[in-house]
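Please look at the sequence and the three-dimensional model below before reading on. The report then goes through the model one topic at a time.

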Amino acid sequence: PNMDGVALIGAVQGQTHTVEMPILAITGHENLQARLDECQQICGIYLKPWADADLVSHVAALVTTRSATAAGDA
């Protein structure tokens with residue numbers, strides 16, 4: 001509750017247990033897009049209102065990619 005999304009992303013980045021976690025950012029503030037572009041691990045930025053089908057498709061692609069990567073590591 002004491003940080004915005006950019007601060008949360010910064011706190012997550014560099015943590016060993018989240019280093020490979022993909023991050024999708026959703027914002028209602030167009031001026032935050034420049035700040036989000038500077039964040040590592042951002043796999044997509046969606047401005048409100050977003051298209052549900054696009055977001056679900058993007059999440060599904062990330063899950064598929066991560067599942068395939070995990071299966072290759074096994």
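## The model and its confidence

This is a predicted model, in which local features need pLDDT of at least 70 and side-chain atom pairs count only at pLDDT 80 or more, whereas totals for chains, interfaces and linings use all residues. Residues are numbered from 1 along each chain as its sequence is written, and side-chain values use heavy atoms, with hydrogens and water left out.

The mean pLDDT (the predictor's confidence in each residue, from 0 to 100) of the protein is 83, and 96% of its residues reach 70 or more. Confidence is highest in strand 1, at a mean of 87, and lowest in helix 2, residues 33–37, at 72.

## Overall fold

The protein has three helices and two strands, where helices (H or I, at least four residues) and strands (E, at least two) are DSSP runs numbered from the N terminus. Along the sequence they follow the pattern α-β-α-β-α. The C-alpha trace spans about 40 × 30 × 20 Å along its principal axes, and of the 74 residues 19% are buried, a word that stands for under 20% relative accessible area with a 1.4 Å probe and protein chains only.

## Helix 1

Asp4 caps the N-terminal end of helix 1, with a side-chain oxygen 3.2 Å from the backbone nitrogen of Val6. The buried residues of this helix are Val6, Ile9 and Val12. They lie on the same side of helix 1, because they cover an arc of only 125° around the axis, the arc being that of the directions from the helix axis to the C-beta atoms. An α-helix has 3.6 residues a turn, so residues three or four places apart point the same way. Just after helix 1, Gly14 takes a positive phi of about 85°.

## The largest pocket and Thr27

The largest pocket has a volume of about 170 Å³. Its lining consists of 13 residues, and Gly5, Val6, Ile26, Thr27 and Leu32 lie nearest its centre. Strand 1 (23–27) and helix 1 (5–12) each supply at least two lining residues, and strand 1 gives the most, with four.

Thr27 lies in strand 1 and is buried, with a relative accessible area of 6%. The side chain of Thr27 reaches the backbone nitrogen of His29 at 3.0 Å.

For the pocket, a 1 Å grid over the protein atoms alone is used: a pocket is an open set of points with protein on both sides within 12 Å along at least five of seven lines, and lining residues have an atom within 4 Å of a point.

How values were computed
On a 1 Å grid over the protein atoms alone, a cavity is a set of points where a 1.4 Å probe fits but cannot get out, and a pocket is an open set with protein on both sides within 12 Å along at least five of seven lines; lining residues have an atom within 4 Å of a point. Grid points are joined across faces, edges and corners, and a volume is the space filled by probe spheres set on the points. Buried means under 20% relative accessible area, exposed over 50%, partly exposed in between (1.4 Å probe, protein chains only). A polar contact is a pair of N or O atoms within 3.5 Å; within protein, one must be able to donate a hydrogen and the other to accept it, and residues adjacent in sequence count only if both atoms are side-chain atoms.
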